[in-house]
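Trainee: I would like a close look at a single part of this model, taken slowly. Please keep the terms defined as you go.

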Amino acid sequence: MERLFRELDAAACDRHWYWMDRALELARLAGEAGEVPVGAVIVRGNQAIAEEANRKERDRDPTGHAEILALREASRKLGTWRLTDCILYVTLEPCAMCAGAIIQARLGWLVYGADDPKAGAVRSVANLPDSPLSNHRLTVIAGIREARCRTLLQSWFSERR
């Protein structure tokens, strides 16, 4: 993602790093709680309006992905399902379910850390946002804090194998 950082100005990089660091902290806490360590933060303006981490195990809910939970919380707080002026920061490339929800929420931006070569539905395995199935286009930035996001996930999984 070297090219990405050259294309972003310093202020944008700092802002993206700041919010991804927050998502990483949420992911770390989820991992300590026995969840796959994925964290998500939704930002509007320069304020976090939703912060969530995976809770599939805790809630016994297959939709308990960090992204879904953050979208629900942001929609509740804003009183609308349209999140066009929001940015979602998430540590792992969204799966098909989450990518679909992101599209349905009309999210303005998606910024994620590590690609998911097994289930990524934004660019790795599929590209739902750019698919003819999608009725919404959004800006996607990948690779913010990629090494940190990938290392957290790999360490968590290696401890459980």
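In what order do the strands of the open sheet lie, and what kind of pairing does the sheet have?

Mentor: This is a predicted model, in which local features need pLDDT of at least 70 and side-chain atom pairs count only at pLDDT 80 or more, while totals for chains, interfaces and linings use all residues. Residues are numbered from 1 along each chain as its sequence is written, and side-chain values use heavy atoms, with hydrogens and water left out.

The open sheet has 5 strands in the order β2-β1-β3-β4-β5, with mixed pairing; strands (E, at least two residues) and helices (H or I, at least four) are DSSP runs numbered from the N terminus, and two strands pair if DSSP finds at least two bridges between them. Its edge strands, each pairing on one side only, are β2 (47-53) and β5 (139-142). On average, neighbouring strands of this sheet are turned by 15° against each other, direction ignored, where axes are lines fitted to C-alpha atoms, for helices over the stretch in contact, and angles run from 0 to 180 degrees between N-to-C directions.

Strand β4 (residues 109-114) runs parallel to β5 and is joined to β5 by 4 bridges, with Val111 standing opposite Ile141 in β5. Helix α4 (residues 66-78) packs on the sheet and touches β1 (39-44), β2 and β3 (86-92), its direction making about 145° with that of β2; contact here means heavy atoms within 4.5 Å. Helix α6 (residues 146-160) also packs on the sheet, touching β3 and β4, and its direction makes about 60° with that of β4.
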